[in-house]
Amino acid sequence: MPREAYGEADAFEAGSTKPRQRSSRPSTNASKPAAGDRRSRAASDSAGDRRSHDGKPARKAPSQARSASTASNVSPKQNSPKQNSPKQNSPKQRQKAEATETLATGVQTLVVTPDEADMRVDRFLVARFPQLAFTHIQRIVRKGELRIDGKRAKPNERLASGQSVRIPPLKLEERKAPVRAAGRDQEDAEFLKSITLYEDSDVMVLNKPMGLAVQGGSGTTRHVDGLLEALRGADGQKPRLVHRLDKDTAGCLVIAKTRLAASTLAKTFRSRSARKIYWALVAGVPRVKQGRVSTYLAKEEALDGDARMRVARHGDDGASHAVTYYALVDTMAQKLAWLSLKPVTGRTHQLRAHTAHIGHPIVGDPKYFDIENWELPGGIQKKLHLLARRIVIPHPRTGKPIDVTAPLPPHMQQTWNLLGFDTSLYDPIVEAPEE
């Protein structure tokens, strides 16, 4: 693919009996004395001077003939070589010992399962103890009360299968479930089903509508993460988000339904193994039909308190490298262009900031559209024209590709119809390199 290096100047790139203890109780091995004799001899029995029925001292058993020092030592069973035998170190015995410790001290030792591998330690605790407040979990980790294989855990540390996680005594308070209107769960579950593009036992891909937030925030009460409460299972677990889309971006949103899927898919997105293609309508027509935008992006706070991303230089505080490939699909009178976009990295507002950086901001973008005196063509709604069109990810269990495509949202479909754009046109970004 031909390349245009926009912004490259900014892009520096976890039997034997015990010795007898002296007691007021008579020996079970001697003949049983009469009730009156038992009372009269209580004092002498308590001193260990047991007698026979005829009043003569009874012959001491070999075990009773031991010296006091021998009797106070560890029992023969404890000294036996069998103590270190594989049988005594079996998982069942270790589990029993751990359960005993938990009952006595409140300390628990949990073993990470394969499905939990690569999970952050705080998320691991959320999954294991859904009734535990997340703030309490953070406090436990921050104070160093959590141990992974005996070592102090870090808040962002990721777990490996088989590791032992030592949990201090927990304050497990029953959290009050949010008050939900009658039938709310059913309504939310039906809504999620209506926007599901793909689903199996591990993964869901939703067609997120434009205007629906992925997570809650200030003043946001309806969002995807909240809707997923309707799908919470009997074990207390609910499907989890593994990546994000902006509130006003429509299209493919991947959801993990199991712990295995959550940890595996999170790793997929971090390693950039997921292939994502977006469609956008931008102002103007890029001079170079296919290109590469490479810059550094950093967050900045606007005067109104609304955060946005700015193009930064290498070394700037909070700056992260961001790379996007783009390709021109169709145009309308040199005033509008349909771009296909392929982000290599996944920075906040990356596509919106990059298209604005090359002089072609996305139509309807309230944050990054900065062309003065630009008029929106009649019939086109002033909404963000950005769609997460397609995603291809390896299945977390089988490794086979999941390839899902989202349709245009209503406002973009209206625009495409108005401009005569044909969605069946070949998308040249499909063959773009990953790096």
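Which residues does Thr345 touch, not counting residues up to four places away in sequence? They are Arg272, His321, Ala322, Val323 and Gln350. The model behind this briefing is predicted.

**Thr345**
- Thr345 sits in the loop that runs between β14 (336-343) and α11 (350-357).
- Thr345 counts as buried because its relative accessibility is 5%, and the cut-off for buried is under 20%.
- The side chains of Thr345 and Gln350 make a polar contact of 2.7 Å.
- A polar atom of the Thr345 side chain also lies 3.0 Å from the backbone nitrogen of Val323.
- Both partners, Gln350 and Val323, are among the residues that Thr345 touches.

**Largest cavity**
- The volume of the largest cavity is about 40 Å³.
- Its lining consists of His243, Leu245, Cys252, Lys276, Ile277, Tyr278, Ala388, Arg390 and Ile391.
- β10 (275-283) and β15 (386-394) each give at least two residues to this lining.
- Six lining residues of the largest cavity are nonpolar, one is polar and two are charged.

**Second largest cavity**
- The second largest cavity holds about 30 Å³ of space.
- Val293, Thr324, Tyr326, Leu341, His354, Thr355 and Ile358 form its lining.
- The lining of the second largest cavity has four nonpolar and three polar residues, with no charged ones.

Terms used. Residues are numbered from 1 along each chain as its sequence is written. This is a predicted model: local features need pLDDT of at least 70, side-chain atom pairs count only at pLDDT 80 or more; totals for chains, interfaces and linings use all residues. Side-chain values use heavy atoms; hydrogens and water are left out. Helices (H or I, at least four residues) and strands (E, at least two) are DSSP runs, numbered from the N terminus. Buried means under 20% relative accessible area, exposed over 50%, partly exposed in between (1.4 Å probe, protein chains only). A polar contact is a pair of N or O atoms within 3.5 Å; within protein, one must be able to donate a hydrogen and the other to accept it, and residues adjacent in sequence count only if both atoms are side-chain atoms. Contact means heavy atoms within 4.5 Å. On a 1 Å grid over the protein atoms alone, a cavity is a set of points where a 1.4 Å probe fits but cannot get out, and a pocket is an open set with protein on both sides within 12 Å along at least five of seven lines; lining residues have an atom within 4 Å of a point. Grid points are joined across faces, edges and corners, and a volume is the space filled by probe spheres set on the points. Ala, Val, Leu, Ile, Met, Phe, Trp, Tyr, Cys and Pro count as nonpolar, Asp, Glu, Lys and Arg as charged, and the others, Gly among them, as polar.
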